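Open the model in your viewer and keep the selection panel at hand. The tour goes from the interface between two chains to the ligand site.

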Amino acid sequence: MSEASTANDLKTPLLDVERIRQDFPILHQEVNGKPLIYLDNAATSQKPIQVIEALDKYYQQNNANIHRGVHTLSERATADYEQARGKVRNFINASSEKEIIFVRGATEGINLIAQSYGRTNLKAGDEIIISEMEHHSNIVPWQMLCEQTGAILKIIPINDDGELMVEEFEKILSPKTKIVSVVHISNALGTINPVQHIIDRAHEHNAIVIIDGAQATPHTAVDVQALDCDFYVFSGHKLFGPTGIGALYGKTALLEAMPPWQGGGDMIKMVSFEKTMYADLPYKFEAGTPHIAGVIGLGAAIDYVNSVGLDAIAAYEQELLEYATEKALEVKGLRLIGTAEQKASILSFVIDSVHPHDIGTILDHEGIAIRTGHHCAMPVMTHFNVPATARASFAFYNTFTEVDVLIQALEKARKVFS
Amino acid sequence: MFDLQDLYQEVIIDHNRSPRNFGKLDDATQVAEGYNPLCGDKLNLYLKTEDDVITDVSFDGSGCAISVASASLMTDSVKGKTIEQAEQLFQDFHNLIMEEENPGEEQMQSLGKLAALAGVKQYPARVKCATLCWHTLRSAMQGDAAPAMTE
Ligand SMILES: Cc1ncc(COP(=O)(O)O)c(C=O)c1O
């Protein structure tokens, strides 16, 4: 390893990154003749062998449908599935397993809330508050709900550092506010939002609060009871788990009062043509055969993250972010998009003479995977008056050396166009 | 393994840096808008035709090097052509960057400088950057009101 290697640069050796990297088989390959440097973790993260083996084991040894068979395989699959629910519950410190609903991901979680809670409780003239930095998945479901109910969407603006303008939030909060739905950590900017304050203020106005934790769960410990949020959603694939699985947390009282979203098998107690009785929580919201392998894989991912430790992860990633930020600013003509005081390890930027897509292609040539585009947050692009940004997003398996290679590649991109 | 230079050829860098026919055409007879939702590239195309001949053409907007250079090269090469000839050129260009087989000598000749974009073929994610201007040209020629989309 080079001089600027991980251990040398790290002020406090928090993680054994080299050992951690051994757990991620995908990282050990060449792309375009160069060692892969995966910096697109905000889009989706890589999976440790422990997760891959959990999926493997399920399909090789325990595959069966759950909650309905008396045979051994079904019992095993059911036990593993429900055990994973317990892991999710502990992971975000929900008060009960009944409050954990498995969904496809953050997107499906928000849609469920909008269509079940929103359609039941909102009427024309009611207001929903989101922010200017939301992912499209926390914009469009509310626009759809507004169309269906006549409710009105209000937006908390952001400042030029990419921080929520909390004082503006205070201004638009009113007795008409019924729902506040904001992102915990922005995927486009890296901003960590003051969600505790937002939740407290919204509750003073009797509004319910939804937190989109898609980017938060991989980077920071979450305690839904301490936050006192009403709903919290996240996606497994951003948390080193499989795609197609995520979780929705909701307070028991709210979930109990909500009608089911989808109907089908598994979500009923009894069906006749005259009357159907819905199942209890959490099954009321889990119609049909779920993504059993995904749930088990998510449980394994949570075990993995816990074994590394979220506090150590957060501390290490902060050092990586600081280092990358400092180095990036040395690249001539580079402008960071998102300079919030509180940031997670996401570096969004533009370079004067090089369009983000050209950066993306040139970096790919160096084996570096980053994301370029609008990051499903077009209003953020509009705010900063850019068509797109380039985004490097780091996980705990990324190294300081990789940051150095990234910076060299950015210099190369500049040279191509100079 | 493809060489980066195959994509970012000198001609492309040059046309990106100083795009030809860039800006609004005040006496345009047709105007069209192009949009690539995937990357946010936007392009306005201004066209002036007389008796089915493209007497002048220009563009403005924002985009990556491939999309700007492609628009610059395209406007250069369709000027003075009939609408039919421009359509044929689009066909040939499409084949150049989409088809597995390389175009024949005759086609390559008619493509001229457009051939500099051949490298895009190796970058499926970038093909749309190169074709956005052509789709927009087509909707200008056909007088479409809706913006041209690459999706
Ligand atoms: C902040 C944020 N919210 C929501 C989502 C949607 O997640 P998913 O596509 O897994 O449902 C994402 C994914 O990019 C995200 O970054």
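Buried area is the accessible area (1.4 Å probe) that two parts lose on being put together, summed over both. By that definition, chain A and chain B bury about 1,400 Å² between them, 60% of it on carbon and sulfur atoms.

This is a predicted model, in which local features need pLDDT of at least 70 and side-chain atom pairs count only at pLDDT 80 or more, while totals for chains, interfaces and linings use all residues. Residues are numbered from 1 along each chain as its sequence is written, chains are lettered from A and ligands numbered from 1 in the order in which they are written, and side-chain values use heavy atoms, without hydrogens and water.

Select the interface: 15 residues of chain A are in contact (heavy atoms within 4.5 Å) with 22 residues of chain B.

Next, select D358(A) and R126(B). Their side chains meet in a salt bridge at 2.8 Å, N to O (a side-chain nitrogen of Lys or Arg within 4 Å of a carboxyl oxygen of Asp or Glu). The count between chain A and chain B is one salt bridge.

Now select helix α13 (residues 356–365) of chain A, which supplies five residues, the largest share of the side of chain A that touches chain B. Helices here are DSSP runs (H or I, at least four residues), numbered from the N terminus.

Move to the ligand. The residues that surround the ligand number 13 (a heavy atom within 4 Å), and T107(A), D212(A), Q215(A), S235(A) and K238(A) are the closest.

Notes
Helices (H or I, at least four residues) and strands (E, at least two) are DSSP runs, numbered from the N terminus.
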